[in-house]
Amino acid sequence: MADMNFLSFLRVPPFVLEAILLQGKRPDVSKIVGWEFKGHNIGLLPRLGRILKFKKGFVSFGDEVIGYNVLVEQNSPTEPWIALPDESNPKRHGFFKVYPAEFSPKHNLYPHALLLDYSKGGNPIFDPSRVLRDYLVKPFEDNDDLYLGKAYAELFGKTIFVGFFVLERYNKSTFKI
Amino acid sequence: MEKKKEEEKKKEEEKKEKVADLFASAEKKTTKKKKAKEKEKEVETEIKTEIEKREISEEKKEIEVRVEEEKPVEEKPKEEKPPLVVITGACGFIGSWAVQIAKEYGFKVRACDLPSAFKGKDEFGSGRARFPEFVKKLADEIAECDITSPETLKDVFKDATYILHIAAILKYDVSWDLLYKVNVLGTKNVFDEILKSEPSELKRVVVWSTNGIFALPDGNEVPITENSLVAPPTRYALSKFLEERLAMMYHRKYGIPVTVIRPTAVYGPRETYMFLENLRAFKKMKFLAIPSNFTFGFPSVHAADVCRAALHLASKPEANGEDYIINDDSNNTAIDIMRFAAEIFDKPFYLLPPVPVEIIRAGIIAISFVSEKILKKKAIEFEFSFMFGYDMRYSNEKLKSTGFEFKYPKFQDGMRETIKWYEENGLI
């Protein structure tokens with residue numbers, strides 16, 4: 001049977017992505033910790049910013065789950081995700097804390113999602129990534145490898161929609177805090 | 001002496017006569033015998049022929065019986081007690097066709113729909129299609145139920161041999177909550193109830209999906225097959241894709257026999273959603289015209305063929321756990337359809353200079369957005385407008401490989417009949 005895969009998400013319009021996000025389930029953190037996921041932004045803003053491909057990693061830090069982003073080569077989505085400046089020395093940036101959105105008093109637009117809160121990731125004070133808040137869901141109950149996210153920016157007290165992104169399990173994380 | 005001679009002569013003559021008589025009688029006997037023998041032979045031959053005839057007819061009968069056995073369910077079942085087909089969404093356009101075809105094949109039919117759907121008279125022509133009278137006349141049993149309320153589904157699937165799950169919301173401008181509630185959660189309720197009632201005779205659940213679950217094709221992605229990239233371009237298509245996924249989950253986890261069908265644009269008598277509206281618009285025009293580059297595919301399939309295919313696949317063991325695109329052989333382009341409409345309504349037909357499809361699509365999206373989201377008036381459904389101009393050509397090879405033959409392989413033939421029905425019912 002044909003099924004939706006990573007590339008499928010790049011081909012559906014935003015109102016369909018929104019519906020997928022609404023019916024998705026909260027990811028089980030134990031299934032994502034220790035892994036890096038290949039990611040692709042969807043939407044006009046990321047396209048204008050020319051940052052479409054990236055990697056996201058998840059690691060545990062004490063009782064908490066912390067995540068990070070990895071810069072990758074901006075080649076086609078059918079080509080491999082190659083870390084920059086090189087695979088053996090990937091540039092990790094944009095750290096975030098992971099917790100259920102329903103625990104956030106302010107950022108709980110999708111209470112059934114996980115919140116990736118960049119303001120609590122220990123990023124430098126002037127790092128622009130600090131404004132980001134991502135919601136993450138698992139679209140299909142029987143697939144622990146595929147995730148859909150929706151990114152917002154918290155600017156001047158307002159929450160601004162940035163775009164959707166899709167994640168797929170790629171490789172084990174070697175990052176240690 | 002003379003007397004003696006005369007007497008001797010007489011005696012000789014008498015002898016001769018006797019001999020002659022003997023010969024004659026012998027001859028008669030022989031002829032009789034011959035005739036008798038001939039008759040015997042004739043009778044023998046007759047008997048032989050009769051026996052041969054009987055043998056042949058017996059053989060014929062045997063062959064017929066064998067053929068009958070090999071025939072798919074669509075050819076009329078042999079059992080004394082006809083298998084029960086349970087049809088959800090029976091009062092709608094497709095549902096009513098499913099009832100009609102299942103009855104034509106000699107099945108017992110339990111028609112299921114909302115209590116409100118069974119009330120009143122048949123309704124069509126105002127964007128709403130409901131055929132309670134038609135269905136009640138044909139169906140053996142009526143089951144009033146609501147797939148979104150599990151408690152109303154009790155016993156609905158009891159004793160079912162085949163279940164045709166058609167009930168759904170087919171709309172592009174309704175809320176996601178409603179689509180999800182009916183098409184996804186409703187299907188979950190249906191399968192939960194099937195699990196509960198455990199119909200021992202159950203051979204197949206046929207789940208109605210849509211061709212729309214596939215990605216809108218780029219130039220090199222046609223014809224779309226069952227293995228094409230899934231990327232629903234509308235929320236309706238997404239809900240049907242999730243419905244498919246759910247059905248297949250029950251198939252894998254609990255062994256429920258499931259076949260998913262994905263009909264393309266379904267037409268036929270009683271269809272008043274898409275084709276009728278377009279035909280009405282065409283009829284009003286003074287002439288019909290279309291840009292000469294509008295060669296994108298326009299898929300179609302007759303409702304009768306969709307339901308025939310569903311019952312055909314339900315009888316095929318190899319179709320268990322499989323998905324099938326249900327599309328006819330027409331391979332029409334938008335130009336073909338427009339030309340056909342011009343011919344039907346006797347209008348002049350013109351090919352216009354090429355216009356980029358993307359521009360027209362953007363225009364249609366803009367108009368539909370303004371009318372639906374701002375003016376709150378219905379013109380073209382906003383989400384539906386995104387699909388305009390894509391080359392929607394679909395392969396039906398997988399379906400045909402199961403031995404299925406279309407009753408209406410050509411759209412033009414089926415549509416002529418449909419137009420006749422529209423005219424007879426004063427819809428056009």
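**Exercise 1.** At roughly what angle do the axes of helix 2 (residues 14-23) of chain A and helix 5 of chain B cross? Work out the geometry of this pair and who makes the contact.

*Solution.* Keep in mind that this is a predicted model.

- Step 1: the two axes cross at roughly 40 degrees and come within 9 Å.
- Step 2: angles under 35 degrees count as roughly parallel and those from 65 to 115 as roughly perpendicular. Helix 2 of chain A is therefore oblique to helix 5 of chain B.
- Step 3: the handedness of this crossing is right-handed.
- Step 4: on the chain A helix, the contact uses A:Phe15, A:Val16, A:Ala19, A:Ile20 and A:Gln23, and these meet B:Arg235, B:Leu238 and B:Leu242 of helix 5 of chain B.
- Step 5: sorted by class, that contact has six nonpolar, one polar and one charged residues.

**Exercise 2.** Now widen the view: how many residues of chain A are in contact with chain B, and which element gives the largest share of that side?

*Solution.*

- Step 1: count both sides. 17 residues of chain A touch 21 residues of chain B.
- Step 2: look for elements of chain A that give two or more residues; these are helix 1 (6-9) and helix 2.
- Step 3: helix 2 of chain A has the largest share, with six residues.
- Step 4: the class tally for the chain A side is 12 nonpolar, two polar and three charged residues.

**Exercise 3.** Stay with helix 5 of chain B and turn to its partner within the chain. Are helix 4 and helix 5 of chain B roughly parallel or roughly perpendicular?

*Solution.*

- Step 1: the axes of helix 4 (residues 176-197) and helix 5 (residues 235-254) of chain B cross at roughly 15 degrees, coming within 9 Å.
- Step 2: the two helices are therefore roughly parallel to each other.
- Step 3: helix 4 of chain B passes helix 5 of chain B in a right-handed crossing.
- Step 4: among the contact residues are B:Trp176, B:Tyr180 and B:Phe191 of helix 4, together with B:Arg235, B:Leu242 and B:Tyr250 of helix 5.
- Step 5: by class, the contact has 12 nonpolar, three polar and four charged residues.

**Exercise 4.** Where is B:Leu427 found, and what does it contact beyond its sequence neighbours?

*Solution.*

- Step 1: B:Leu427 lies in the segment after helix 12 (411-424) of chain B.
- Step 2: 16 other C-beta atoms lie within 10 Å of B:Leu427, so this residue is partly exposed.
- Step 3: setting aside neighbours within four places in sequence, B:Leu427 contacts B:Gly125, B:Leu276 and B:Tyr422.
- Step 4: B:Glu277 is 150 residues away along the chain, yet its C-alpha atom is separated from that of B:Leu427 by 9.7 Å.

Note on methods: Residues are numbered from 1 along each chain as its sequence is written. Chains are lettered from A and ligands numbered from 1 in the order in which they are written. This is a predicted model: local features need pLDDT of at least 70, side-chain atom pairs count only at pLDDT 80 or more; totals for chains, interfaces and linings use all residues. Axes are lines fitted to C-alpha atoms, for helices over the stretch in contact, and angles run from 0 to 180 degrees between N-to-C directions. Helices (H or I, at least four residues) and strands (E, at least two) are DSSP runs, numbered from the N terminus. Angles under 35 degrees count as roughly parallel, over 145 as roughly antiparallel, 65 to 115 as roughly perpendicular and the rest as oblique. A crossing is left-handed if the near helix is turned anticlockwise from the far one by less than a right angle, and right-handed if clockwise. Two residues are in contact if their C-beta atoms, placed from the backbone, lie within 7 Å. Ala, Val, Leu, Ile, Met, Phe, Trp, Tyr, Cys and Pro count as nonpolar, Asp, Glu, Lys and Arg as charged, and the others, Gly among them, as polar. A residue is buried if 20 or more other C-beta atoms lie within 10 Å of its own, exposed if 12 or fewer, and partly exposed in between; C-beta atoms are placed from the backbone.
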